[in-house]
Every structure is written in C-alpha cells, then in structure tokens.
Amino acid sequence: MRKRSLISAFATLSAVGAATLAYAALVERNMFTLRRFDVPVLEPDAEPLRILHISDLHMMPDQRRKQDWVAGLGGTDPDLVIVTGDNMSDPESVPGVLRALDPLLSVPGAFVFGSNDYRGPVWKNPLQYLMPDREYVQGVDLPADELRAALVDAGWADLNNARTVLKAGGRSIELAGVDDPHIERDDYPSVAGPVSAGADLHLGVTHTPASRVLDAMAADGFALLLAGHTHGGQVCVPGVGALTTNCDLPTSMAKGLHRWPGSDAWLHVSAGLGTHPTAPIRFACRPEASLLTLIPR
C-alpha cells in the first residue's frame, strides 16, 4: 500500500511538472502584456508625457507573433520610445527587430544595447543564474553595427555611453545612457555630470540595472531611470517572486516601478518580451512592454 501511494504521488508530481513546463513554454511566454504606470516626475501643471519602454526582445527570425505584437504598440501613441537592449538572439535577427519596431521609428526614440546585441546566447543550465560568480560565456557575433545604423538612420539616439537632448511631446528631454554593464562596456564617467537646468525632464538609460550605474545617475539628478536585463526573474515563484535578477539589483525590484534607494529618482525595470532561446519558458512572469505616463509630482 505504501509503495503504491509513493508511486501515485510521484506520478501526480510528474504530471503537474510536465503540465507546468508545457504552460510555461507554450502559453505564458507568448502572453505578451502591456503594463501601465504613472510616474510623478514632472513639474506642477505640466501636461502628461507617455514613454513606451521596450526591452529584451531576444528576437529570433521566425518570431512573427512577437513582431506583430510589438508593431501594434504604435497604437499606444507614445511621445517617446526607449529600447533598453538585448534585441537579438540570432545573426539573422535584424530584419525581425526592424519589422517589429517599424511603426515606432517615426516617434522620437533612444536606445542602449545589451550583451545579446553583440554576441549570441549559448546553451546553459538555467540553475546557473542562481550562481552570482559563474563564468560568463558568449556565443557567435551578432550584427550590432547593422542594427545600430538602422536605428540611428531612423532618427533614434544612440545612448551607449552617450548623452543628448531631444524634443518629444513638446518637451526638452535630457538623456544619458551607458553600454551594457553586464559585460563591463559601461563608461558612465565619460557622460557624467549634473543634469541640465534647461531641460524639462532627465532620463537615465541602461540595459543592466547595475547599482554602480544607477547610483551615479541618481546622484547627477536624473529623475527616471530605465533598465531591462532581469526578465523579471523569468521563472518566478507565485507569492514569492523572482529568485534572481542576474545582477546586483534586489529581487524585490526585478520588474516594475520603484523608488531608487537613497535618492529622489524612480527606477523602471522592464521584465522584457523575450527569453533565452535555450530556455524558452516564462512562469508567473509574463513577457511585457510598459507604457509610462509621466505626471506632475
């Protein structure tokens, strides 16, 4: 009787595990979701400003459903589009990325890159993400320069270790960004300095929400910091949340809108729209883009 009970319990657990994996791989990773947040960073009596934040597409050439969904975000009527990197997962990904972004390229925009804009992902045991000191291994070269040129030619600002001012929504917006801290391409000191009093809004942009970068941006007075990279944990435990952020960001801030500690800045971390191609699953963490409506403080 005891043996039969154990076999029955094992069979039940196996069935539940298989069903959960099937849901995560076939259903939830395709449940693209638009998150909406109000961010109180504008001056009193200022008109709202809408920022569409897209991150971590990890596009494969044949992902037409994802491309169509992102293209449909043009209907949100944003004033500004910010893309925080990891756009590609294959050397042939550029056409798919541009197909997805095409309806948005007529809107003022800016971008930074992540590690998976430069080198492709490689197979790894997902449990390695719980090991902070693991060796980082990169795959094949990706056409970062081709994607960069296409976005810049469309009029978007390249914020990889750069700082600029652009017009959007009738406002003057100062932006500073870094290349990906996850692979130590960031050079914030080259663009550091107090925010300009002449701009109406100040945004800091990075792929990886590394504390050394966010602390420096907040200290310079940037009111809203935008990042991706974490995938929101990608696989979360219901009632607990993310188990890792793949950086030094606390798991409690793995996605969504938060005050950055010790400052007046807000931080928005996108859980992103893609997955690692060798672990194409999402659980308790839908793929997402975010529409941030900036409102008066």
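Reader: In S13, which residue is the bridge partner of Leu226?

Author: In this predicted model, strand S9 covers residues 224-227 and strand S13 covers residues 266-269. The two strands run parallel and are joined by 4 bridges. Within S13, the bridge partner of Leu226 is His268.

Reader: What is the order of the strands in the open sheet of 6 strands?

Author: Strands of a sheet may pair either parallel or antiparallel. In this open sheet the pairing is mixed. Its edge strands, each pairing on one side only, are strand S6 (162-168) and strand S12 (256-259). From one strand to the next the twist averages 25°. The order is S6-S7-S8-S9-S13-S12.

Reader: Which strands does helix H6 touch where it packs on the sheet?

Author: Helix H6 spans residues 211-219, and its direction makes about 155° with that of S9. The strands that H6 touches are strand S7 (171-177), strand S8 (201-205), S9 and S13.

Reader: How are H3 and H5 oriented to each other, roughly parallel or roughly antiparallel?

Author: Two packed helices are described by the angle between their axes and the distance between the axes. For helix H3 (residues 94-101) and helix H5 (residues 144-153), the angle is about 25° and the axes lie 10 Å apart. H3 passes H5 in a right-handed crossing. Because angles under 35 degrees count as roughly parallel, H3 and H5 are roughly parallel.

Reader: How many nonpolar, polar and charged residues does the contact of H3 with H5 have?

Author: From H3, the residues in contact are Val94, Val97, Leu98 and Leu101. In H5 they meet Glu146, Leu147, Ala150 and Leu151. By class, this contact has 7 nonpolar, no polar and 1 charged residues.

Reader: Does Glu43 count as buried, partly exposed or exposed, and what is its relative accessibility?

Author: Glu43 is found in the loop between strand S1 (33-42) and strand S2 (49-54). Buried means under 20% relative accessible area and exposed means over 50%. Glu43 therefore counts as partly exposed, with a relative accessibility of 45%.

Reader: Leaving aside neighbours within four places in sequence, which residues is Glu43 in contact with?

Author: Glu43 and Ile295 are 252 residues apart along the chain, yet their C-alpha atoms are separated by 8.1 Å. With neighbours within four places set aside, the residues in contact with Glu43 are Pro296 and Arg297.

Reader: What percentage of the residues of the protein count as buried?

Author: The protein has 6 helices and 14 strands. Among its contacts between residues at least 6 apart in sequence, 74% join residues at least 24 apart. Of the 297 residues, the proportion that count as buried is 51%.

Technical notes
Residues numbered from 1 in each chain as written. Predicted model: local features only at pLDDT ≥ 70, side-chain atom pairs only at ≥ 80, totals over all residues. Heavy atoms only, no water. Pairing = 2+ DSSP bridges. Axes fitted to C-alpha atoms, helices over the stretch in contact; angles between N-to-C directions. Contact = heavy atoms within 4.5 Å. Parallel < 35°, antiparallel > 145°, perpendicular 65-115°, else oblique. Left-handed = near helix turned anticlockwise from the far one by under 90°. Nonpolar A, V, L, I, M, F, W, Y, C, P; charged D, E, K, R; others polar. Buried < 20%, exposed > 50% of the residue type's maximum accessible area, 1.4 Å probe, protein only.
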